[in-house]
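Please walk me through this structure.

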Amino acid sequence: MTTDCDIFAHYGRADLLARLNAALREDGVDPDHPGMEVLAPYDHFHGRGLEATREMADLISAGASDHVLDVGSGIGGPARYVASRFGCRVTGIDLTPEFCDVARHLTRLLGLDDRVDFHAGDALAMPFADASFDGAYSMNVSMNVADKAAFYREIRRVLKPGAWLALSEVAKGPGGDVEYPTPWAASARTSFLSTPEETRQGLLDAGFEVLRLHSSLEEALVFGARSRATVERGGKPPHRAAMLIHGEVAPDAMRNTARGLKDGRIVPIEVLARVPAGLRQPAGHAG
Ligand SMILES: C[S@@+](CC[C@H](N)C(=O)[O-])C[C@H]1O[C@@H](n2cnc3c(N)ncnc32)[C@H](O)[C@@H]1O
């Protein structure tokens, strides 16, 4: 059985902040005074990094008075981006305590700690009251979650009627078994991919309306080709979060991802869903 410890072991690194600071110095950046742009190659830990976060934010309709939930917030790049772009409040929750520590540190340095906070905890049992949030998003987290029904139900529980949910995830494609390691899992033991249709059905079963489900495979292939070309010209890749977090395992993980996209073993998807306005929790729903 997978335990939370398997997930910590995959993501957690006691020396994460030291490694980030060293990488920033190498980029010519003072780690005590980083800007949001210079952190972006490191703190958006999902396929296509900041580019994908921007596209997710283009889909949502957050207002300045909203309180938004980031499920599986990592080291906080997406939360800080969303808070800055919309002027809203963002609360992140993540299973990996080291990520929450680094997320809080970076948020303080960027002066956003009055509006962006992080909790160490499990997305399947969040310490938030029912109907607390105006919207939620989750970027590349569900691949680590075996019980997707419980995941969607728990997000649904903490959202207000009419609230939106944006999901980015790596879905299972028709091209065969995934090769490991990947950026989200060292082995099949902590990897739980759904097909796009299973994701749609899971959200419907949890009481969401699905407004949009889009494959971003083309965008991922173009981004990958552009990154490889930059590296061949001697530049740094635009997205360096996997290197930061996984170190020596990262090249294999990224190669498996690139091959998986090309062979159709995996397909990145972006989903926009909504809690129907004015509806109560579905019958039998944990309150
Ligand atoms: C690939 S990282 C993405 C981080 C962040 N969403 C981002 O895009 O920068 C996946 C994250 O999901 C978190 N995670 C996995 N399972 C979780 C769970 N059950 N509850 C909360 N966080 C979880 C991991 O700790 C990790 O930070």
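Isoleucine 93 faces histidine 119, a residue of β3. In this predicted model, β2 and β3 run parallel and are joined by five bridges. As a rule, the strands of a sheet pair through backbone hydrogen bonds, in either a parallel or an antiparallel way.

Now take the whole sheet. Seven strands form an open sheet, in the order β3-β2-β1-β4-β5-β7-β6. The pairing is mixed. Two strands sit at the edges: β3 (116-120) and β6 (209-215). Each of these pairs on one side only. Neighbouring strands are turned against each other by 15 degrees on average, with direction ignored.

A helix packs on this sheet: α4, residues 49-59. Helix α4 touches β4 (133-139), β5 (159-172) and β7 (266-274). The direction of α4 makes about 150 degrees with that of β5.

Next comes the ligand. A shell of 24 residues surrounds the ligand. The closest are Phe45, Gly72, Gly74, Thr96 and Ala123. Sorted by class, the shell holds 13 nonpolar, nine polar and two charged residues.

Now look at serine 194. It lies in the loop between β5 and α8 (196-205). What does serine 194 touch beyond its neighbours within four places in sequence? Its contacts there are Lys148, Ala171, Lys172, Thr199 and Gly202. Methionine 143 is 51 residues from serine 194 in sequence, yet the two are 7.9 Å apart in space, C-alpha to C-alpha.

Finally, step back to the chain. It has eleven helices and seven strands. Its radius of gyration is 18 Å, close to the 19 Å that the globule rule gives for 287 residues, so the chain is as compact as a globular protein of that length. Along the principal axes, the C-alpha atoms fill a box of roughly 55 × 45 × 35 Å. Of the 287 residues, 44% count as buried.

Conventions. Residues numbered from 1 in each chain as written. Predicted model: local features only at pLDDT ≥ 70, side-chain atom pairs only at ≥ 80, totals over all residues. Near = placed C-beta within 6 Å. Nonpolar A, V, L, I, M, F, W, Y, C, P; charged D, E, K, R; others polar. Pairing = 2+ DSSP bridges. Helix = DSSP H or I, 4+ residues; strand = E, 2+ residues; numbered from the N terminus. Axes fitted to C-alpha atoms, helices over the stretch in contact; angles between N-to-C directions. Contact = placed C-beta atoms within 7 Å. Rg over C-alpha atoms; globule rule 2.2 N^0.38 Å. Buried ≥ 20, exposed ≤ 12 C-beta atoms within 10 Å, placed from the backbone.
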